[in-house]
Amino acid sequence: MRRVTIKGLLAHKLRFGLTALAVMLGVAFMSGTLVLTDTISRTFDNLFADVNRGTDAYVRSAQSLSSGFGGPVRRQRARVPASLVPEIEAVPGAAAAEGNLQFYAQLVDKKGKTVGNPQRGAPTFGFTWGTVKALNPYRLEPGGHAPVGSDQVVIDAGSAKSAGFKVGDQVTILTQGPPAKYQIVGIAKFGDADSAAGASAALFDTPTAQAITGATNQFDSISVVAQPGVSQGTLKNRIAAQLDNKAYQVLTGAQITKENQSDIKNALQFFNVALLVFALIALFVGTFIIFNTFSIVVAQRLRELALLRALGASGRQVLGSVLTEAVLVGLLASVVGLGAGIALSSVLKALLDAFGLDIPAGGTVVGARTVIVALVVGTGVTIISAIVPARKASRVPPIAAMRDVATEGRPHSGRRVLIGFSIVALGVLSLFAGLFGGAGIQLVGLGALIVFIGVFVLGPVVARPLSDVIGWPAARLRGITGALARDNAMRNPKRTSATAAALMIGVALVGFITIFAASAKESINAQVDESFKADFVITTGSGFGAAFGGFSPQLASDIAKLPQVGGSSPLRFNQAEFGGSSEFFAGVDPRSATKVFNMKVEDGNVGDLAQPNSVGISRSVANDKHLRIGSRVPAQFPNGATPLTVRTIYGNGNKQGFADYTLSIATVSAHYTSQLDQYVFVKLASGVSPLEGRQAIDPVLKAYPNAKLQDSTEFKDAQAAQINQLLGLIYVMLLLAVIIALIGIANTLALSIYERTRELGLLRAVGMSRRQLRSSIRWESVIISLLGTFLGLVIGLFFGWAVVEALKDQGFTKFAAPGGQLILVVIVGGFAGVLAAIFPARRAAKLDVLRAVTIE
Amino acid sequence: MTSAVVSQPAATTVAVRAEEVTKIYGVGEAAVRALNNITVEFAAGHYTAIMGPSGSGKSTLLHCLAGLDRVTAGRILLGDIEITACSEKELTVVRRDKIGFVFQSYNLIPTLTAIENITLPLALAGKKPDKQWLDRVIRTVGLADRLKHRPSELSGGQQQRVAVARALASRPEVIFADEPTGNLDSKASAEILEFMRQAVTDLGQTIVMVTHDSIAAGYSDRVVFLADGRIVDELENPTSETVIDRVKDIGE
């Protein structure tokens with residue numbers, strides 16, 4: 001039996017070749033993703049190990065607040081007093097201790113442009129220059145010295161190379177203080193590398209760093225070196241014994257390293273999962289291809305299998321034979337896919353770079369996990385997809401060898417309709433539970449999967465009438481070739497729908513993401529229109545909410561001084577705990593906020609926020625929590641808890657694009673270490689035209705190269721551009737799934753042509769030209785593709801609607817189904833059909849007519 | 001026996017002619033001479049049968065005459081057209097416009113109805129059928145009440161009748177039939193052969209038929225006998241008995 005299987009496989013290499021290709025692509029994507037994420041992980045692991053190499057103990061404030069917004073989670077922490085340093089050094093076992101500051105500092109190159117882009121890639125840091133050599137990972141290159149004094153700086157070798165700086169040059173550095181010039185007195189390497197995984201570094205002496213950050217007599221943390229012979233654990237315990245444990249935390253060097261490493265892993269988790277999801281989508285699409293191929297192959301070999309049964313093979317042996325084929329094909333495809341994936345990981349990295357996600361990845365890490373996952377998943381997927389056809393094969397009655405037995409099940413059975421609808425209903429239920437019932441995102445994904453399977457089951461029922469309709473123009477316009485194409489698409493609805501299903505999934509996802517992005521853009525535009533009264537916005541231009549970076553408050557005050565400016569307010573977004581739950585707030589200038597923000601004040605006065613410990617809340621928060629003017633709101637900030645008093649209630653909260661909580665900038669400055677403004681909103685004085693406004697503001701901005709001036713349209717466009725960029729990346733990722741689907745269509749066509757050899761030969765014999773034959777097959781492919789496209793769009797619309805509905809409270813106030821783009825999807829779907837038909841059509845046209853008509 | 005040129009006594013036009021045609025399969029030691037320097041003519045408006053044992057080359061000869069296969073040497077002429085000099089594209093047009101086919105089995109496109117199958121070559125050519133001629137053909141083969149049926153809804157004999165009607169519908173110069181009764185029972189066979197006879201006698205068509213069945217051969221005007229790639233005998237106005245006798249003679 002085994003010999004029969006193997007010989008059969010070898011005899012039909014091409015037949016399984018395309019199937020193997022589909023599996024291989026999915027496995028390649030998956031292993032490429034795993035290799036990339038492992039590599040990135042290793043890079044960061046090494047990075048933090050290097051940073052903390054000399055640190056034996058680490059002291060920091062116990063007061064912190066975790067904040068995150070989908071992206072990197074950053075604990076914002078209070079600072080520690082500088083007086084701790086001598087205390088710690090006095091602890092027996094401590095050889096030296098030094099305080100550290102880490103803050104935003106961005107270099108400006110000689111052309112006036114900023115070096116690096118913290119919102120798109122590696123962060124731009126400012127540090128204190130560590131005088132304790134063991135604690136300082138930066139090594140000076142010869143010809144430079146450590147910074148001393150408030151106008152000296154050492155920069156990293158990477159930035160020096162990319163911006164062309166040498167020792168002795170002057171450089172402007174942007175920080176949260178006003179932009180200032182410094183002299184480069186040294187260039188340093190990070191260990192052996194030019195920089196710490198691409199992050200730029202500006203190193204100052206301690207007093208200068210403290211002046212820049214406003215951390216007078218404070219540090220972010222204190223690192224300690226142990227005396228030889230003293231273990232990290234011992235040192236940590238001794239230090240902890242000396243300090244107030246409620247105020248300060250002590251960790252060993254190993255612990256802080258581990259914490260850094262896992263923090264970054266958490267931050268990248270979202271990104272890892274996203275990539276894997278795309279890989280899984282590709283594999284899911286692949287399962288349809290495999291299912292289809294094995295179904296067709298079994299149907300074609302029915303006589304042969306029946307013969308085996310007639311000769312004494314049991315049903316189980318036949319099942320085993322088909323499954324063995326699946327295992328062999330799957331295994332081979334997985335191995336090749338693994339190899340391709342390793343090569344693919346660098347392509348993936350380049351792709352992410354191109355779309356603005358510049359994550360460092362040095363070397364290539366192929367873990368055991370990657371190999372095992374690739375082989376198991378690839379082979380497993382092939383086997384699972386082949387099970388149903390294999391079972392069919394095992395049930396072939398031996399008598400089928402003697403005569404033709406009609407084994408095609410009825411596509412229209414009531415049972416199929418019932419089961420199909422039940423599955424779809426189940427999927428929709430799961431989807432809604434995840435979206436509206438708060439049951440989690442996994443249920444959403446699972447629901448989507450089940451819906452796809454349900455539609456696949458229902459497919460044969462709708463395939464025939466739909467093919468009839470879709471193919472009607474072909475039959476009308478293309479005469480006999482079109483009519484034959486339509487008839488062929490209609491005559492085997494099971495096969496047609498299985499083929500179309502793969503494309504359906506790709507199109508559904510493309511449609512969904514298009515609708516989602518369009519709705520997001522519309523919603524954002526609506527929010528911007530609703531909340532902002534300003535004429536101009538000054539932003540850093542990119543980054544969702546600027547999780548890292550911004551500009552010095554000096555900018556806002558420079559702008560406010562201009563006579564052309566009627567009113568301006570900076571804006572800082574951040575997170576704090578209000579009444580126990582973590583919420584966003586907006587930090588604004590209370591005096592001018594209402595000039596530039598449309599807050600729809602209902603009660604109280606925004607100006608009152610200037611009073612200490614005040615907060616403004618939105619109407620929805622006031623209603624939810626039963627708060628009024630004068631109510632107390634307990635608030636938790638990184639440096640401690642502070643009760644706040646409600647001074648004003650306004651209508652535009654999170655949903656309208658503003659914020660549910662508002663604080664004065666002064667309050668924010670008191671509680672957060674980062675003093676950067678993320679936006680400045682400007683209203684021009686009456687009588688000043690926008691052109692005059694620009695002419696006045698542009699010169700001021702020259703000193704702040706990372707700031708851009710935008711009017712409301714440019715601002716909306718900039719937001720849309722970011723979404724478009726992400727959208728582009730997602731389209732490319734989905735492209736793989738679509739390509740696999742097209743391979744599936746080509747595969748099915750090729751197999752069914754082989755099946756129809758005699759019929760095609762007959763057509764050629766009675767005078768169908770090669771061109772007509774190719775055209776007919778092309779039309780058949782187009783009809784199948786359009787069938788899949790149509791079903792996919794329907795599903796995509798449904799998903800899009802459901803998700804936008806679910807996110808109504810998160811600000812998705814508008815549902816947008818961009819007709820133009822969706823029509824484009826349909827056209828591309830049809831064109832895809834043409835593409836998929838190229839290879840099968842040529843093969844069909846090359847048929848030797850004589851051989852074809854005399855074939856038995 | 002020599003393969004001399006045998007011409008018709010009466011001065012009729014030649015529908016299709018083979019001149020010194022040789023067909024060799026394979027190379028070197030494994031080479032097989034399927035047709036060995038054959039020259040033969042088939043008269044227009046006549047029903048000619050080609051007979052011979054297995055391996056005699058009769059099917060090969062038919063395929064070459066119809067332009068379905070290429071000869072190794074010699075010429076084939078269909079009326080004025082030199083088939084052997086045609087390109088693939090030209091052959092396609094010839095097959096569509098000038099030749100009709102009836103095969104032993106699997107003649108019809110399963111997704112098309114009977115009438116659609118009959119008008120298939122015309123549809124491929126983009127031509128509209130001659131209504132009068134079409135009605136006549138359909139009446140001749142007796143299919144008027146089955147036109148909307150699919151092949152799966154027709155008996156074997158009816159399917160072959162549809163095939164014959166299709167072969168006639170485009171008014172070809174020659175109809176080539178390869179064992180048209182091979183899969184049919186005696187009643188259905190008799191019907192088909194009768195229709196083909198009528199097509200020649202009443203409608204003036206030319207039919208060249210390969211068969212191993214002496215009864216089928218009895219319907220023709222002339223039988224050409226092949227053996228080992230050569231023409232070995234001929235018989236005018238055959239009956240099934242005279243055919244059997246002649247076959248016996250050849251065998252000796």
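Tutor: Six bridges join strand β22 (residues 632–637) of chain A to β23(A), and the two run antiparallel. Strands here are DSSP runs of E with at least two residues, helices are runs of H or I with at least four, and both are numbered from the N terminus. Two strands pair if DSSP finds at least two bridges between them. This is a predicted model, in which local features need pLDDT of at least 70 and side-chain atom pairs count only at pLDDT 80 or more, while totals for chains, interfaces and linings use all residues. Residues are numbered from 1 along each chain as its sequence is written, chains are lettered from A and ligands numbered from 1 in the order in which they are written, and side-chain values use heavy atoms, with hydrogens and water left out.

Student: Which residue in β23(A) stands opposite Val633(A)?
Tutor: A hairpin joins β22(A) to β23(A) through two residues. Within this pairing, the residue opposite Val633(A) is Leu644(A).

Student: Is the pairing of β21 with β23(A) parallel or antiparallel?
Tutor: Strand β20 (residues 601–604) of chain A pairs with β23(A) in the antiparallel sense over three bridges, and Gly604(A) stands opposite Thr648(A) there. The five bridges between β21 and β23(A) are in the sense called parallel.

Student: How many residues of strand β23 of chain A are buried?
Tutor: Buried means under 20% relative accessible area, exposed over 50%, and partly exposed in between (1.4 Å probe, protein chains only). Strand β23 (residues 640–650) has 11 residues and is mostly covered; the number buried is eight.

Student: Why is one side of β2 and of β5 in chain B left without a neighbour in the sheet?
Tutor: The open sheet has four strands in the order β2-β1-β4-β5 (chain B), with antiparallel pairing. β2 (32–43) and β5 (81–82) stand at its edges, so the reason is that each has a single partner strand.

Student: What is the bridge partner of Leu78(B) in β5(B)?
Tutor: Strand β4 (residues 73–78) of chain B is joined to β5(B) by two bridges, and the strands run antiparallel. The partner of Leu78(B) is Ile81(B).

Student: What is the phi of Asn37(B) near?
Tutor: Most residues other than glycine have a negative phi. Asn37(B) lies in strand β2 of chain B and is partly exposed, with a relative accessible area of 38%. Its phi is positive, near 55 degrees.

Student: Is Val148(A) buried or exposed?
Tutor: Val148(A) is found in the loop between β9 (138–140) and β10 (152–156) of chain A. Its C-alpha atom is separated by 5.7 Å from that of Asp205(A), 57 residues apart along the chain. At a relative accessible area of 57%, Val148(A) is exposed.
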